[in-house]
Amino acid sequence: MSTVEPSPTSVPEPASWHAWREARRQRVTAPQGDLALVQTTWLPDGAEPDLEQVLVGQPASVTATAVHRKDIDTGAPEHGYRLWDAESPANRSYDGTPVFPYDPAWRIEARFTPAEPGRTIPYEHLRDAAGSTRDLVVPGDITATIDGREYRLSAFDDDGTLLLVFGDPTNRSTDDAERTYGTGRFLFVERPEGTSTGEESAVVLDFNHAFVPPCGFSDQYNCPLPPAQNRLHVPVHAGERYVAHRG
């Protein structure tokens, strides 16, 4: 299979990449980090959670937060709560997140073209019924050439930051040396400082910063899956790979 030509192994790893890896470790192991999520409960008929009540009987290591979404069938608001345990079994057994070696060849220049305001694209989510979709706002298209093929990628708006949900052949690999999380990975898209999703601009896809989505750390998350246009033909040997646990 054709691949992106790797850079020489002597290329130094930038300090910013090491800082990113440490920030990721701190994020996923935090008291309300991805490994700490132990329960997500959705309430019926639009009821809102009483967070003090849901903590009754819980150990001191557990905290609660409210969560909301739209009903996948009716669009009506749904409310619920999440329980986070700083001493969760997943946190205690966590043995790190293996990464591919840093490779500047996987830092790819691209172009962002804004769409009309309010444009949405249907995304399947991991915990929804097969074939069901939820519409997410996609502010525009990212045009990138990867391994000689031009892609028109869709990244949705994650609190003002473009988030690309992508898949590649490593997700399905049975080779332990290259396998990554099975449903795909996430990547924040770098934009020039001061630009917004309302204007055309050059952007950078630095796949060295690709990361395992929250659902790779806890089955209580309902992550979006890569749409067809975001499935790359070439193995992306960059970024985080999967979540490792002891035992």
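**Figure 1. Arg 111 and its salt bridge with Glu 200 in the predicted model.** In this predicted model, Arg 111 counts as partly exposed, with a relative accessibility of 38%. The side chain of Arg 111 meets that of Glu 200 in a salt bridge, with a distance of 3.4 Å from N to O. Because Arg 111 belongs to strand β4 (residues 107–114) while Glu 200 sits in the loop between β10 and β11, the pair ties together parts that are 89 residues apart in sequence. Glu 200 is likewise partly exposed, at 45% relative accessibility.

**Figure 2. Gly 198 in the loop between β10 and β11.** Gly 198 is found in the loop that runs between β10 (185–188) and β11. Is Gly 198 buried or exposed? With a relative accessibility of 62%, Gly 198 counts as exposed, since the cut-off for that class is over 50%. Taken from C-alpha to C-alpha, Gly 198 and Asp 85 are 39 Å apart in space, and along the sequence they are 113 residues apart.

**Figure 3. The salt bridge between Arg 25 and Glu 22 in helix α1.** Arg 25 forms a salt bridge with Glu 22, and the closest N and O atoms of the pair are 2.8 Å apart. Both residues lie in helix α1 (residues 15–29), and because they are three residues apart there, about one helical turn separates them. Arg 25 is partly exposed, with a relative accessible area of 41%, and Glu 22 is partly exposed as well, with a value of 33%.

**Figure 4. Further salt bridges of the model.** Asp 176 and Arg 179 bring their side chains together in a salt bridge, with 2.8 Å from N to O. Asp 176 counts as partly exposed at 46% relative accessibility, and Arg 179, with a relative accessible area of 29%, is partly exposed too. Elsewhere, Arg 107, Glu 190 and Asp 206 are linked in a network of salt bridges. The count of salt bridges in the model comes to twelve.

**Figure 5. Arg 185, a buried residue of strand β10.** Arg 185 has its place in strand β10. At 0% relative accessibility, Arg 185 counts as buried, since residues under 20% fall in that class. Which backbone oxygen does the side chain of Arg 185 reach at 2.6 Å? That oxygen belongs to Ala 238. A polar atom of the Arg 185 side chain also lies 2.9 Å from the backbone oxygen of Val 236.

**Figure 6. Asn 230 and the residues that it touches.** Asn 230 is placed in the segment after β11 (201–206). With a relative accessible area of 0%, Asn 230 is buried. Once residues up to four places away in sequence are left out of the count, Asn 230 touches Tyr 123, Leu 153, Ser 154, Leu 164, Val 165, Phe 166 and Gly 167.

**Figure 7. The largest nonpolar core and the surroundings of Phe 156.** In soluble globular proteins, nonpolar side chains tend to be buried together. The largest nonpolar core of this model has 25 residues, of which Leu 35, Tyr 94, Tyr 123, Phe 156, Phe 186, Phe 217 and Tyr 221 touch the most other members. Two or more residues of this core come from each of α1, β5 (120–123) and β9 (161–166), and the largest share, three residues, is given by α1. Leaving aside neighbours within four places in sequence, Phe 156 is in contact with Tyr 123, Leu 136, Val 137, Val 138, Pro 139, Thr 161, Leu 162, Leu 163, Val 165 and Pro 224. A second, separate core of 24 residues includes Ile 146, Leu 153, Leu 162 and Val 236.

**Figure 8. The setting of the close-up views within the whole protein.** The protein has three helices and eleven strands, which follow one another along the sequence in the pattern α-β-α-β-β-α-β-β-β-β-β-β-β-β. The radius of gyration is 19 Å, close to the 18 Å that the globule rule gives for 247 residues, so the protein is as compact as a globular protein of that length. Along its principal axes, the C-alpha trace spans about 55 × 45 × 35 Å. Of the 247 residues in the protein, 43% are buried. Among contacts between residues at least 6 apart in sequence, 71% join residues at least 24 apart. The accessible surface comes to about 12700 Å², and 49% of this surface belongs to carbon and sulfur atoms.

Methods: Residues numbered from 1 in each chain as written. Predicted model: local features only at pLDDT ≥ 70, side-chain atom pairs only at ≥ 80, totals over all residues. Heavy atoms only, no water. Helix = DSSP H or I, 4+ residues; strand = E, 2+ residues; numbered from the N terminus. Buried < 20%, exposed > 50% of the residue type's maximum accessible area, 1.4 Å probe, protein only. Contact = heavy atoms within 4.5 Å. Polar contact = N/O pair within 3.5 Å; in protein donor to acceptor, adjacent residues only side chain to side chain. Salt bridge = Lys/Arg side-chain N within 4 Å of Asp/Glu carboxyl O. Core = buried A, V, L, I, M, F, W, Y, C linked by side-chain atoms within 4.5 Å. Rg over C-alpha atoms; globule rule 2.2 N^0.38 Å. Areas by Shrake-Rupley, 256 points an atom, 1.4 Å probe, with all protein chains shown as cover.
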